[in-house]
Amino acid sequence: MLDAGRSFESVDPTLHSEVAMLRAARTAHAARTVRAVGAATAVPAVRSVRLVRAVRRVHADRSARTPRLARRLVLSLAALTLGVGVTAGSAHAAVPAPARGVDFGACPALSELPEGADPGAWRCEAMTAVGHMTLGRLDQSLGRGMAITFAEGTVDGQVRQVFGAMTAAPVRVRGIPLVITPRYAGYFDFQSNDQRRGELNLTFAISGPAVPPGCSIGTDADPVRLVLKETAASTVVSQDPLVLAFGVADNRFTAPRTSGCGRLGPVLDAVLRMPSPAGANSLALNARVGLRGYGEAGAPASRVGGLISRSG
């Protein structure tokens, strides 16, 4: 946690000279403005008004051409000044119920299933989830939630899975012009066993003023690795289509430092408290999963064990 009186130049020493240049430029500009206005008072009234208007136009033009560096510094200063203000939401906030609709639009096509897959032994699982996330210094409600779709079945008696899609609503951080968006990081395994209900790798894209494209917490090579455990057993919500509700959570994962953030990287790491060790992070989800078989209508969806029903 940064002290309120600590200068951000100490977080990123390379910014010190640039900040000094920016301050010097502002001081010189103010001095030129004072001299111009002083000279204007010595001319006739009409010319004085015109000169003052001209000075204002020059000032507006220069403001419009503020260097990109200045915009970066605005974000850095805002983040470091606010300190703990990055926390949004409450760890005890009520978690809204998952959406009731089931969208199978992102299910993998039959042509995407593994060679030798029998459609009668495969199904699509479309999951929606809402909950709460603590990540470093962030404490965020995931009220708008996320959706994950995948296919699961057997080939030669072995369980196989095919990823479909993941979407997640951006989460706006209160007090700072930053948005955090969960994204799929290339690995999942929703075949359940006695130790976990599923595994999922995520990154968290960071966007906002002056934040370069590609800035994120974690990368596909060094992601946030979730091992989800059951917190609420599955209950049947609907029979047609089959929809089940359940709860999962992970409070033991680590979070790596930011990546792809340029000069803002050290600042964001300090503000967001990254990297974050195990025990300082958590993700709790209330989820619903709709199931649809790839075979003929009415085929039992429970033929293959998956995220919502343990195999056995």
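**Strand S1 and its contacts in the predicted model**

Arg123 is found in strand S1. The model is a predicted one. S1 spans residues 123-135. Of the 13 residues of S1, 12 are buried, so the strand is largely enclosed by the rest of the structure. Arg123 itself counts as buried, at 3% relative accessibility.

S1 pairs with two other strands. Strand S11, residues 282-293, is joined to S1 by 12 bridges, and the two strands run antiparallel. Within this pairing, Gly131 stands opposite Leu285 in S11. S2 is also joined to S1 by 12 bridges, again in an antiparallel arrangement. Here Thr134 stands opposite Asp139 in S2. S1 and S2 form a hairpin with two residues between the strands. In this hairpin, Gly136 takes a positive phi near 60°.

Charged side chains were examined next. Side chains of opposite charge can pair when their charged atoms come close. The count comes to six salt bridges. One of them joins Arg123 and Glu152, with the closest N and O atoms 3.8 Å apart. Arg123 lies in S1 and Glu152 in strand S2 (residues 138-155), so this pair ties together parts that are 29 residues apart in sequence. Both partners are buried: Arg123 is, and so is Glu152. Arg123 also makes a polar contact, side chain to side chain, with Glu125 at 2.6 Å.

A salt bridge also links Arg257 and Asp269, where the closest N and O atoms are 3.7 Å apart. This pair links distant parts of the chain, 12 residues apart. Arg257 sits in the loop between strand S9 (242-250) and strand S10 (258-259), while Asp269 belongs to helix H4 (residues 264-272). Arg257 has a relative accessible area of 47% and is partly exposed, because it falls between the limits of 20% and 50%. Asp269 counts as buried, at 10% relative accessibility. Elsewhere, salt bridges that share partners join Arg123, Glu125 and Glu152 into one network.

A further salt bridge is formed by the side chains of Arg196 and Glu199, at 3.3 Å from N to O. Arg196 is buried, with a relative accessible area of 9%.

Aromatic rings give another set of contacts. A pair of aromatic rings is described by the distance of the centres and the angle of the planes. The structure holds five aromatic pairs. One of these is formed by Phe163 and Phe188. The ring centres lie 5.5 Å apart, with 55° between the planes, and the pair is tilted. It links distant parts of the chain: Phe163 is in strand S3 (residues 158-168) and Phe188 is in strand S5, 25 residues apart. Phe163 is partly exposed, with a relative accessible area of 22%. Phe188, at 11% relative accessibility, counts as buried.

The charged end of Arg197 sits over the ring of Phe246. The distance from the ring centre is 5.1 Å.

Two loop residues complete the picture. Asp194 lies in the loop between strand S5 (178-189) and strand S6 (198-207). Asp194 is exposed, with a relative accessible area of 68%. The C-alpha atoms of Asp194 and Lys229 are separated by 9.1 Å, although the two residues are 35 residues apart along the chain. Gly116 is found in the loop between helix H3 (68-82) and S1. At 60% relative accessibility, Gly116 counts as exposed. Gly116 and Thr154 are 38 residues apart along the chain, and their C-alpha atoms are separated by 9.1 Å.

Terms used. Residues are numbered from 1 along each chain as its sequence is written. This is a predicted model: local features need pLDDT of at least 70, side-chain atom pairs count only at pLDDT 80 or more; totals for chains, interfaces and linings use all residues. Side-chain values use heavy atoms; hydrogens and water are left out. A salt bridge is a side-chain nitrogen of Lys or Arg within 4 Å of a carboxyl oxygen of Asp or Glu. Helices (H or I, at least four residues) and strands (E, at least two) are DSSP runs, numbered from the N terminus. Buried means under 20% relative accessible area, exposed over 50%, partly exposed in between (1.4 Å probe, protein chains only). A polar contact is a pair of N or O atoms within 3.5 Å; within protein, one must be able to donate a hydrogen and the other to accept it, and residues adjacent in sequence count only if both atoms are side-chain atoms. Rings of Phe, Tyr and Trp (its six-membered ring) pair if their centres lie within 6.5 Å; planes under 30 degrees apart count as stacked, over 60 as edge-to-face and the rest as tilted. A charge sits over a ring if NZ of Lys or CZ of Arg is within 6 Å of the ring centre and within 35 degrees of the ring normal. Two strands pair if DSSP finds at least two bridges between them.
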